[in-house]
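Here are my notes on this model. Please read them with the structure open.

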Amino acid sequence: MNFDASLWLVFILIGLATTLPRASFIVLGNRVTLPGVVQRALRYAPAAALAAIVVPDLLIVGNELQVFNPKLAAGCAAVAASTLWRNPWLPFIAGMTVLLGLRFGLGL
């Protein structure tokens with residue numbers, strides 16, 4: 001097998017490995033049901049994915065871990081506002097107020 005053939009074989013295998021798990025839910029439909037434990041765990045997948053995207057941005061500043069920074073304080077203010085009130089705009093307003101206040105007011 002020369003290099004080109006092995007490269008195409010790798011492309012095809014990677015394509016199958018990414019397509020088959022996604023297509024299985026469409027092809028199988030309601031014929032297969034997931035166990036209850038898996039269904040309950042999948043409910044937390046969007047929140048876990050969002051946390052995996054947001055948390056590193058809140059904690060890492062300039063390629064270093066900084067626990068005390070304006071972005072983390074703004075994130076905490078947004079979480080507190082969303083916990084206390086059901087208004088969807090208040091976390092945004094609280095977070096941006098804290099972030100801009102710390103950056104421009106205190107120069108952090």
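Is the crossing of helix 4 and helix 5 left-handed or right-handed? The points below take that up, then turn to an aromatic pair. Keep in mind that this is a predicted model.

1. Handedness. Helix 4 and helix 5 cross in a right-handed sense.

2. Geometry. Helix 4 covers residues 70–84, and helix 5 covers residues 90–105. The two pack at an angle of about 155°. Their axes are 7 Å apart. Angles over 145 degrees count as roughly antiparallel, so helix 4 is roughly antiparallel to helix 5.

3. Contact residues. Helix 4 contributes Pro-70, Lys-71, Ala-73, Ala-74, Ala-77, Ala-78, Ala-81 and Ser-82. From helix 5 come Leu-90, Pro-91, Ala-94, Gly-95, Val-98, Leu-99, Leu-102 and Arg-103.

4. Twelve of the residues between helix 4 and helix 5 are nonpolar. Two are polar and two are charged.

5. Aromatic pair. The count comes to one aromatic pair. Its rings belong to Trp-8 and Phe-11, with centres 5.7 Å apart. The ring planes stand at 85°. Planes over 60 degrees apart count as edge-to-face, so the pair of Trp-8 and Phe-11 is edge-to-face.

6. Where the pair sits. Trp-8 and Phe-11 both lie in helix 1, which spans residues 3–28. They are three residues apart, about one turn of the helix.

7. Accessibility of the pair. Trp-8 has 56% relative accessibility, so Trp-8 counts as exposed. Phe-11 has a relative accessible area of 44% and is partly exposed.

Note on methods. Residues numbered from 1 in each chain as written. Predicted model: local features only at pLDDT ≥ 70, side-chain atom pairs only at ≥ 80, totals over all residues. Heavy atoms only, no water. Axes fitted to C-alpha atoms, helices over the stretch in contact; angles between N-to-C directions. Helix = DSSP H or I, 4+ residues; strand = E, 2+ residues; numbered from the N terminus. Parallel < 35°, antiparallel > 145°, perpendicular 65-115°, else oblique. Left-handed = near helix turned anticlockwise from the far one by under 90°. Contact = heavy atoms within 4.5 Å. Nonpolar A, V, L, I, M, F, W, Y, C, P; charged D, E, K, R; others polar. Phe/Tyr/Trp six-rings, centres within 6.5 Å; stacked < 30°, edge-to-face > 60°. Buried < 20%, exposed > 50% of the residue type's maximum accessible area, 1.4 Å probe, protein only.
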